[in-house]
Amino acid sequence: MKALFIPVYSNIDGIKNLYNCIDYEVDLVHIISKPEIKLEHNPNVKQLKITNYSYKFKSLAQIWNYFIESYDIDNYIIMNDDITFGSGYIENYFKTIENNPNTYRVQTGYPHTCFSTSKYVIDKVGLYDENYIGAYYEDTDYHKRCIEANIKIVEVEGEIYNFKHEGRATNRTCTETEREIIKYNMNRNAEYFNKKWGGYRIDNLKYSTPFNL
């Protein structure tokens with residue numbers, strides 16, 4: 001099954017733009033959204049499922065894990081709500097997966113704005129660490145875990161398909177109170193990541209095992 005998974009916190013215009021970009025036939029698009037959204041019909045999407053965001057979701061990592069645990073499929077493509085792309089991007093992404101089985105795939109230049117994992121990788125690495133509250137650093141953590149598990153990381157081409165990442169769209173579209181919460185969680189996650197890996201940047205980490213154990 002060809003499926004795309006997208007969490008939405010506040011960026012309503014962003015998810016509408018992204019959904020309209022889908023020009024390759026997929027079996028499912030599953031969105032978890034905090035605001036109510038209505039999307040125009042896209043003939044390339046066989047099934048659209050929108051799940052309301054609820055109190056049970058404490059982190060982006062938890063939402064990603066929810067997507068993964070909800071479907072028994074070989075590959076999971078997870079997207080930000082603030083990306084757009086031109087004709088051919090989705091088709092190329094699925095071809096990249098087909099040509100690179102048992103790998104972790106990330107978007108060139110903007111790694112976790114669009115990424116995909118697989119049953120094989122999850123078997124070796126596990127799910128995303130839900131100790132990261134809210135968002136930030138859960139993606140870098142998983143990237144590091146893949147490196148230590150000798151999982152090949154493949155970069156997916158986007159430039160020739162006019163891939164664009166708006167960047168920090170959630171911060172611009174949420175309330176001031178929500179921005180403060182996001183900032184607090186980001187700082188907290190940075191410190192947790194530092195304790196876990198001995199640094200803040202993936203190219204300069206002291207530990208090869210979590211918490212140096």
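**Charges, overall build and one buried glutamine**

The chain carries 25 positive and 29 negative side chains, and the centres of these two sets lie 4 Å apart; here Lys and Arg count as positive and Asp and Glu as negative, while His and the chain ends are not counted, and each charge is placed at NZ of Lys, CZ of Arg, CG of Asp or CD of Glu. This is a predicted model, in which local features need pLDDT of at least 70 and side-chain atom pairs count only at pLDDT 80 or more, whereas totals for chains, interfaces and linings use all residues. Residues are numbered from 1 along each chain as its sequence is written, and side-chain values use heavy atoms, with hydrogens and water left out.

The chain has seven helices and nine strands, which are DSSP runs numbered from the N terminus (helices are H or I with at least four residues, strands E with at least two). Of the 213 residues, 49% count as buried, that is, they have under 20% relative accessible area with a 1.4 Å probe, protein chains only.

Is Q107 buried or exposed? With a relative accessible area of 2%, Q107 is buried. Leaving aside neighbours within four places in sequence, Q107 is in contact (heavy atoms within 4.5 Å) with Y89, T113, C114, V156, E157, G158 and F163. With Y89, the side chain of Q107 also forms a polar contact of 2.6 Å, a term for a pair of N or O atoms within 3.5 Å, of which, within protein, one must be able to donate a hydrogen and the other to accept it, and residues adjacent in sequence count only if both atoms are side-chain atoms.

Notes: Buried < 20%, exposed > 50% of the residue type's maximum accessible area, 1.4 Å probe, protein only.
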